[in-house]
Amino acid sequence: MFSGIVAAIGRIVDTAPLGKGLRLTVDTGDWDISDIALGDSVAHNGVCLTVVGRDGQKLHYDVSAETLACTVGLDAPGEVNLEKALRFSDRLGGHLVSGHVDGVGVVQKFERIGESHELVIRAPADLAGYIARKGSIAVDGVSLTVNSVNGQDFSINLIPHTVAMTTLKRLASGARVNLEIDLIARYVERMQSWEKEVTGK
């Protein structure tokens with residue numbers, strides 16, 4: 001589990017074919033990875049990956065074809081938001097994030113308004129119903145609060161700190177982003193659908 005509070009920006013520096021998937025090499029820069037061991041989980045743009053190798057400040061991961069098909073931003077060199085998995089003693093500064101991307105959204109607008117930025121994203125139709133005003137959502141692994149919802153589109157206000165400390169500063173209209181809906185919304189939907197299956201109502 002993660003909190004959606006990005007700890008560092010890393011860079012995918014190499015992608016090598018591995019069956020139908022890829023072997024990724026990520027340079028973590030000056031991020032402290034002294035407590036990361038083989039088998040540990042690290043979120044990359046909101047995608048939970050397992051460390052399979054380490055070389056100094058570089059971490060290696062095996063990414064399956066299924067993961068590549070359901071996400072964006074892992075198949076080519078470029079910057080990625082990084083976060084270590086939570087410990088039970090950690091503060092939950094964002095919201096509970098599983099690192100399992102639910103779908104890919106498309107940026108409709110990214111515009112500076114005063115000191116902040118307005119970000120508008122169009123969610124896939126099958127996810128739009130889970131996104132609520134003042135609810136939480138993870139965008140490329142960043143825990144954010146939804147300001148408004150209009151059909152499949154939802155807007156977010158990004159404060160200067162979030163823009164400065166994450167890869168969201170690189171967004172532009174047409175960019176694709178990883179989305180993970182709030183776990184609570186997912187469980188509420190499942191309970192409702194199960195009740196209908198059981199009662200037929």
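This note covers side-chain contacts in the structure above.

1. Basis. This is a predicted model; local features need pLDDT of at least 70, side-chain atom pairs count only at pLDDT 80 or more, and totals for chains, interfaces and linings use all residues. Residues are numbered from 1 along each chain as its sequence is written, and side-chain values use heavy atoms, with hydrogens and water left out.

2. Cysteines. A disulfide is a pair of cysteine sulfur atoms within 2.5 Å. The count is 0 disulfides. The sulfur of Cys 48 is 14 Å from its closest cysteine sulfur, in Cys 70, which is too far for a bond. Cys 48 is partly exposed at 26% relative accessible area (buried is under 20%, exposed over 50%, partly exposed in between; 1.4 Å probe, protein chains only). Cys 70 is also partly exposed, at 34%.

3. Salt bridges. The whole structure has 9 (a side-chain nitrogen of Lys or Arg within 4 Å of a carboxyl oxygen of Asp or Glu). One of them joins Asp 62 to Arg 23, with the closest N and O atoms 2.2 Å apart. Asp 62 lies in strand 5 and Arg 23 in strand 2, so the pair ties together parts 39 residues apart in sequence. Strands (E, at least two residues) and helices (H or I, at least four) are DSSP runs, numbered from the N terminus.

4. A network. Salt bridges link Arg 11, Glu 79 and Arg 170. Arg 11 and Glu 79 come within 3.9 Å, N to O. Arg 11 is partly exposed at 41%, and Glu 79 is partly exposed at 28%.
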